[in-house]
Amino acid sequence: MLTLWPADERGTFDLDWLQSRQTFSFGEFYDPAKMGWRSLRVINDDHIAPGGGFPLHPHRDMEIFSYLLAGELEHRDSLGTTARIASGRAQFMSAGTGLRHSEYNPSKINSTHLFQIWILPRAPGGPPAYQEIAYTPADTDNRLKLLADPQGADGSMTIRQDARIHTARLAPGQTLSLPLAPRQGGWLQLLTGALTLGQVTLTPGDACACENEPRLAARATIPSEFLWFTFD
């Protein structure tokens, strides 16, 4: 079964420095039918203006994944981590028993575009941790690149949930098979471009939830970039 989550049905939140589109209930956007999917809890499509950002704030018992499409993101946290990431480098934070962090666009000229994704952990607690992973076009062009895995397989980041996160970029006309084992659920989040998944057509910001689909393939109609999540 394929279920489309259209981009134009997302919540909206706009400040002078932030334009956010929210797939699931978050902050002032509340829809009891959109409280998450499986262990996915937050998918926010954020544009941060130059110099803007989220000041120091707390988290706990959440796996927080940031994927950049444009610009840079400067990260600081109570673990002592200071990092700056751009497209081609993703970050992952296991909040565990609790930490505080801030995220800013360090540029005075360019905006930052990222997807911020929260996943509920398998169990509460555990020490907080910060991770990063780098990838190149050769890793993602017309193929899946594993970014996060429960065991950190293939050099990926370690997630405290029975979930895996992949990214891929498809050229026009290219088709890519998507792994989905029996009883697993899959979530395709289209970031840029346009593609088809079975009989479902997706445009930027759209997502598709997949269950009981033994044979799945994404086909791009224009250059496209997406995230592919699987959940046991």
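Modeller: Strands (E, at least two residues) are DSSP runs, numbered from the N terminus. A pocket is found on a 1 Å grid over the protein atoms alone, as an open set of points where a 1.4 Å probe fits, with protein on both sides within 12 Å along at least five of seven lines; lining residues have an atom within 4 Å of a point. This is a predicted model, in which local features need pLDDT of at least 70 and side-chain atom pairs count only at pLDDT 80 or more, while totals for chains, interfaces and linings use all residues. Residues are numbered from 1 along each chain as its sequence is written, and side-chain values use heavy atoms, with hydrogens and water left out.

Colleague: Which element gives the most to the lining of the largest pocket?

Modeller: The lining of the largest pocket has 23 residues, and L18, F26, N44, F54 and Q116 lie nearest the centre. Among the elements that give two or more residues to this lining are β4 (40-48), β5 (53-59) and β11 (112-119). The element that gives the most, with 4 residues, is β5.

Colleague: Is S102 buried or exposed?

Modeller: S102 belongs to strand β10, residues 99-104. Contact means heavy atoms within 4.5 Å; leaving aside neighbours within four places in sequence, S102 has contacts with F54, P55, L56, E74, H75 and R76. Buried means under 20% relative accessible area and exposed over 50%, with partly exposed in between (1.4 Å probe, protein chains only). Because its relative accessible area is 10%, S102 is buried.

Colleague: How many residues has the largest nonpolar core?

Modeller: A nonpolar core is a set of buried Ala, Val, Leu, Ile, Met, Phe, Trp, Tyr and Cys residues joined through side-chain atoms within 4.5 Å. L40, F65, Y67, I117, L147 and W187 have the most contacts inside the largest one. The number of residues in this core is 28.
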